[in-house]
Amino acid sequence: MGSDASVLFREFLRDPVRVGAIAPSGRLLTDVLARVVPRDGVVVELGPGTGAVTAAIRRRAPLRQLAAEVNPRLAGLVAGRWPDVEVACVDAADLGHVLAGRGVGPVDAVVSSLPWAVLPADRQRAILSLVRDALTDDGCFTTYAYVHALWAPPARRLASALSASFASVSVSPVIWANLPPAIVYRARRPRRDVTA
Ligand SMILES: C[S@@+](CC[C@H](N)C(=O)[O-])C[C@H]1O[C@@H](n2cnc3c(N)ncnc32)[C@H](O)[C@@H]1O
């Protein structure tokens, strides 16, 4: 099958828009993302790809972990490598059904690698609203954005949608060691009064 880098690159060539990255996230970025994961409870990962973030979450805590990955080859890879992780080969927009189907109540953390910069505004809003509804009141949502694309409208839309959906949003320093460099958003205190 090849290294994770070659697997993700091959999937990128097949479907560049949906895969959204030519290489897996680096260890520094994945460790910062996993920092919001509590020692126990339930975490949901969106877009595990070849599992760089999945591994960081497993290193942090052996808690219940679900993952939604739309690409069947990548979903199969992650499921085969981490049998303890409940991998659903679905669009993140189906998160509500996945959680309900497995009898999972509110979750403690959602860690996303979705390529927000290529998601249309309505898809961004719909997925964020599902995430917000899935979290406990003190749950945390975390995701990253590439620094070179921060000026672009989809990235700016994500930043303002996060502020509209969560009462507290913080941004990490730039993780320059990642290729490409990235920042991490941490969003807490989901606003229950927002409809979209
Ligand atoms: C940028 S890659 C990140 C891979 C990995 N988590 C990492 O950080 O190295 C984005 C992943 O999200 C998946 N993806 C994109 N859109 C998705 C969606 N709507 N629902 C679920 N997964 C999606 C892609 O197939 C890909 O595996």
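Predicted model: local features only at pLDDT ≥ 70, side-chain atom pairs only at ≥ 80, totals over all residues.
**View 1. Seven strands line up in an open sheet.**
The edges are formed by β3 (86-88) and β6 (166-171), each of which pairs on one side only. From one strand to the next, the twist averages 15°.

**View 2. Strands β5 and β7 pair in the antiparallel sense.**
Here β5 (residues 135-146) and β7 (residues 182-190) are joined over seven bridges. To find your place, look for alanine 145, which stands opposite isoleucine 183 in β7. Helix α3 (residues 27-34) packs on the sheet, where it touches β4 (107-112), β5 and β7, and its direction makes about 5° with that of β7.

**View 3. Helix α7 packs on the sheet.**
The strands touched by α7 are β1 (42-46), β4, β5, β6 and β7, and the helix direction makes about 145° with that of β5. Its buried residues are Gln124, Ile127, Leu128, Ser129, Val131, Arg132 and Ala134. How far apart are the end C-alpha atoms of this helix? They are 20 Å apart, which agrees with the 20 Å that its 14 residues (121-134) should span at 1.5 Å a residue.

**View 4. Helix α3 meets helix α4 in a right-handed crossing.**
On the α3 side, the contacts come from Arg27, Thr30, Asp31, Leu33 and Ala34. Their partners in α4 are Ala52, Val53, Ala56, Ile57, Arg59 and Arg60.

Methods:
Residues numbered from 1 in each chain as written. Heavy atoms only, no water. Helix = DSSP H or I, 4+ residues; strand = E, 2+ residues; numbered from the N terminus. Expected span 1.5 Å × (residues − 1). Buried < 20%, exposed > 50% of the residue type's maximum accessible area, 1.4 Å probe, protein only. Pairing = 2+ DSSP bridges. Axes fitted to C-alpha atoms, helices over the stretch in contact; angles between N-to-C directions. Contact = heavy atoms within 4.5 Å. Left-handed = near helix turned anticlockwise from the far one by under 90°.
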